[in-house]
2 protein chains.
Amino acid sequence: MQKYRLKLAYEGTDFVGWQIQPEGVSIQGLLEKGLETLLGVPTRACGAGRTDAGTHALGQVAHFQAEKPFDPIVFQRALNGLLPYSIRVLELDLASESFHAQYSATGKEYHYHLWLEPIVTPFVHLYRYPVRFPLDLSLLEEAATHLVGTHDFATFANAGSSVKTTVRTLQRITMHPQEGGVRLEFEGSGFLYKMVRNLVGTLLEVALGKRALDSIPGLLAARDRRLAASAVPAKGLFLAEVRYPVEIASKVEVREVFTH
Amino acid sequence: MQKYRLKLAYEGTDFVGWQIQPEGVSIQGLLEKGLETLLGVPTRACGAGRTDAGTHALGQVAHFQAEKPFDPIVFQRALNGLLPYSIRVLELDLASESFHAQYSATGKEYHYHLWLEPIVTPFVHLYRYPVRFPLDLSLLEEAATHLVGTHDFATFANAGSSVKTTVRTLQRITMHPQEGGVRLEFEGSGFLYKMVRNLVGTLLEVALGKRALDSIPGLLAARDRRLAASAVPAKGLFLAEVRYPVEIASKVEVREVFTH
């Protein structure tokens, strides 16, 4: 058996999310179907983490195992040929036996895209959350500093996942101006269920003047989901990157190049 | 009667093009339906030019007339509320009696987007034409210089429109690097049916080494559509801007702003 690592980008609009569900089309489901077609046997694809319905990915990571040896470049091209254009395998590499897309991950980066102008251009309306009220972005940035660090994020976690602890470390929340608005980047050791969308919802309430800047430490201490704001929509959220230790991430570099 | 000028952006994928057709959904059709709903009478929207099925627009211009006076800002918001998110009215202004979206136009700018990397990211695959063979972009740029100027472009015009002359002036063809490839910009006095897509097809054949650089003047002189390359797909094409004389373009500036 050989283990392989996949890096994927997807446009989540039309899917029920990463994970296979009883109803609807999932990214994992289409990927496993493609792997089975190419490998001839049912093949499990294990992702670094679930993404919700409508959430997008620039760098989701998954692994699978295969008995039959193959050329990764040819295999990647064939797999992309079987997938819709809304899902692309960006990288396919050999992985060591010890690599596990979920358990080896040491961190993740999510991006949330806010649109702050009156009219959302047609080309990005599925990837931006439009905010129709003027925001004080300096308040948003200041509120974010209270969230960076190691905290119990239970207030910002929806029920629905079984985790041993709700303590997580956020290394960074930064704001980046871009066409039509801003992108918020969240880098952390791990994220609880709907945590980024719940954090953005609360940060927006601060930026709108609906919630006091200094209320954040108390919110964290309360460990009560009911005190935080509603989650913002999935369509603005991107899983940007999954991080691994250097010794695991280092791999044979095989990348598709022009061969014509 | 008061005349109004509209500036529109649209994502052309799901439409039969700008113009109303016997079958299918057109941008003009949805716009006129919205105008009728708001004005209470059937209302014609005249566009600066047709765009084909699948072609996008960043700055299509149209005009319409209305008997009933209204607040342009409120009207624009109501119209956008009636249109799908793939069509947006970016501007709505009062226009002078003499303004005509098609006949007053003095020039247009089109963009064609080429994707030059092996894997097209899911977020732009409907807006890029992927070229899977290595291109010599300096050859493409040099070939383009033979097309700039006043020429008879009959070789690059598909049948299907009635025009008095096939002579047009191209002021500029420029290439701009962007994520994953390049954008070709065409600025001209006017464009014949499928002219940009036919020009790009021929420029690509030069860049691929399939057609000699110095064949362009002969192609123009031949006035024979069969000699040029096939048109490239509509999905890479954007109507970027329609130009008008300064005295016509100057107008009362009414723009939607935050009013909450």
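Reader: At roughly what angle do the axes of helix α3 and helix α4 of chain A cross?
Author: In this predicted model, helix α3 (residues 137-145) of chain A and helix α4 (residues 195-207) of chain A have axes that come within 8 Å. The angle at which these two axes cross is roughly 130°.

Reader: Are α3(A) and α4(A) parallel or oblique to each other?
Author: The axes of the two helices cross at roughly 130°. Angles over 145 degrees would count as roughly antiparallel and those from 65 to 115 as roughly perpendicular, and the rest beyond these and the roughly parallel range are oblique. The relation of α3(A) to α4(A) is therefore oblique.

Reader: Is the crossing of α3(A) and α4(A) left-handed or right-handed, and which residues of α4(A) meet α3(A)?
Author: As α3(A) passes α4(A), the crossing is right-handed. On the side of α3(A), the residues involved are A:L139, A:L140, A:A143 and A:A144. Their partners in α4(A) are A:L203, A:L204, A:V206 and A:A207.

Reader: Which residues of α3(B) make the contact with α4(B)?
Author: In chain B, helix α3 (residues 137-145) and helix α4 (residues 195-207) have axes that come within 8 Å and cross at roughly 130°. The two helices are therefore oblique to each other, and their crossing is right-handed. From α4(B), the contact draws on B:L203, B:L204, B:V206 and B:A207; from α3(B), it draws on B:L139, B:L140, B:A143 and B:A144.

Reader: How far apart are the axes of helix α1 and helix α2 of chain B?
Author: Helix α1 (residues 27-39) of chain B packs against helix α2 (residues 72-82) of chain B at an angle of about 125°. That angle makes α1(B) oblique to α2(B), and the crossing is right-handed. The distance between the axes is 9 Å.

Reader: How many polar residues are there in the contact of α1(B) with α2(B)?
Author: On one side, α1(B) contributes B:L31, B:G34, B:L35, B:T37, B:L38 and B:L39, which meet B:F75, B:A78, B:L79 and B:L82 in α2(B). The residues of this contact include eight nonpolar and no charged ones, and the polar ones number two.

Reader: What radius of gyration does chain A have, and does it agree or disagree with a compact globule?
Author: Chain A has six helices and 10 strands, and its C-alpha trace spans about 60 × 40 × 35 Å along the principal axes. With 260 residues, a compact globule would have a radius of gyration near 18 Å. The value for chain A agrees with this, at 19 Å.

Reader: What ipTM does the predictor give the complex?
Author: Chain A averages a pLDDT of 93, and 95% of the residues score at least 70. For the complex, the predictor gives a pTM of 0.90 and an ipTM of 0.87.

Terms used
Residues numbered from 1 in each chain as written. Chains lettered and ligands numbered in written order. Predicted model: local features only at pLDDT ≥ 70, side-chain atom pairs only at ≥ 80, totals over all residues. Heavy atoms only, no water. pLDDT = per-residue confidence, 0-100. Axes fitted to C-alpha atoms, helices over the stretch in contact; angles between N-to-C directions. Helix = DSSP H or I, 4+ residues; strand = E, 2+ residues; numbered from the N terminus. Parallel < 35°, antiparallel > 145°, perpendicular 65-115°, else oblique. Left-handed = near helix turned anticlockwise from the far one by under 90°. Contact = heavy atoms within 4.5 Å. Rg over C-alpha atoms; globule rule 2.2 N^0.38 Å. Nonpolar A, V, L, I, M, F, W, Y, C, P; charged D, E, K, R; others polar.
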